[in-house]
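Subject: Structure for you to look at

Hello,

The structure we spoke of is below, and my notes follow it. Please read them with the model open.

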Amino acid sequence: MSKGKPSALLGLILVALAGVALAQSPALRIGYVDVRRIIDEATIFATTRDQITAEFKPRSDALKLDEARLRELEVERDQRAQTATDEEMRELRRRVDTESRNLQRRRDDLNVALNRRLNEARQRIDEQIREEIAAYARAEGFDLVLTDGVGFAHPRLDITDDVLARVNRSGSAP
């Protein structure tokens with residue numbers, strides 16, 4: 001059996017079950033939440049990003065200072081190229097290379113740490129969004145709320161604004 005057939009079969013089963021449920025239930029409530037829009041518009045994302053940026057600012061500023069020092073060392077190397085001895089030039093090139101490697105390593109370390117923190121925060125916020133979707137659905141009596149992988153949802157099913165408002169109200173950064 002190919003990969004596409006189990007998905008298609010599962011989809012047909014879900015449609016059939018939904019049809020049976022619809023026939024038995026007088027008012028099946030279905031909603032749709034555009035999670036991408038919540039991610040783009042929720043204040044918690046901007047607040048969290050700003051907090052993490054502030055957390056990493058001292059390290060970022062230190063890197064900028066070290067980059068400036070490296071540029072000064074490169075200028076010195078270039079200016080002294082005509083007047084320095086071969087030994088002095090080797091020493092200047094070695095210092096520039098060493099500083100450049102150290103700076104690149106520190107820059108990479110900073111990027112890894114920053115990305116790790118952003119991913120951790122994103123996971124906590126994603127969980128908070130899922131909880132808000134579920135809480136809204138329970139409070140409003142929804143039987144099914146769809147999020148990802150929806151090709152089309154009629155605007156009357158879209159409850160994104162309501163969920164976004166809940167997320168913004170609960171909005172403390174995790």
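I begin with one residue. Leaving aside neighbours within four places in sequence, Glu 132 is in contact (heavy atoms within 4.5 Å) with Arg 166, Val 167 and Ser 170. Glu 132 sits in helix α4 and is buried, at a relative accessible area of 13%. Buried means under 20% relative accessible area, exposed over 50%, and partly exposed in between, with a 1.4 Å probe and protein chains only.

Before the rest, two notes on the source. This is a predicted model, in which local features need pLDDT of at least 70 and side-chain atom pairs count only at pLDDT 80 or more, while totals for chains, interfaces and linings use all residues. Residues are numbered from 1 along each chain as its sequence is written, and side-chain values use heavy atoms, with hydrogens and water left out.

Overall layout

The chain has five helices and two strands, in the order α-β-α-α-α-β-α along the sequence. Helices (H or I, at least four residues) and strands (E, at least two) are DSSP runs, numbered from the N terminus. Of the 174 residues, 21% count as buried. Among contacts between residues at least 6 apart in sequence, 82% join residues at least 24 apart.

Helix α5 and the cores

Which residues of α5 (160–170) are buried? They are Thr 160, Val 163, Leu 164 and Val 167. Seen down the helix axis, the buried residues of α5 fall within an arc of 100 degrees (taken from the directions from the axis to the C-beta atoms), so they line one face of the helix. Their cover includes β1 (30–32), α2 (35–41), α3 (43–79) and α4 (86–140).

Val 163, in α5, is buried at 0% relative accessibility. Not counting residues up to four places away in sequence, Val 163 touches Val 33, Ile 38, Ile 133 and Tyr 136. The C-alpha atoms of Val 163 and Glu 132 are 6.6 Å apart, although 31 residues separate the two along the chain.

The largest nonpolar core has 16 residues, and those with the most contacts inside it are Val 33, Ile 38, Ala 42, Ile 129, Val 163 and Val 167. A nonpolar core is a set of buried Ala, Val, Leu, Ile, Met, Phe, Trp, Tyr and Cys residues joined through side-chain atoms within 4.5 Å. The largest share of this core, five residues, comes from α4. Apart from this core lies another, of 13 residues, among them Phe 56, Leu 92, Leu 103 and Ala 113.

Salt bridges

The structure holds 16 salt bridges, each a side-chain nitrogen of Lys or Arg within 4 Å of a carboxyl oxygen of Asp or Glu. One of them joins Arg 94 to Glu 91, with the closest N and O atoms 2.5 Å apart. Both residues lie in α4, three residues apart, about one turn of the helix. Arg 94 is partly exposed at 43% relative accessibility, and Glu 91 is partly exposed at 32%. Elsewhere, salt bridges that share partners join Arg 37, Glu 41 and Asp 161 into one network.

Regards
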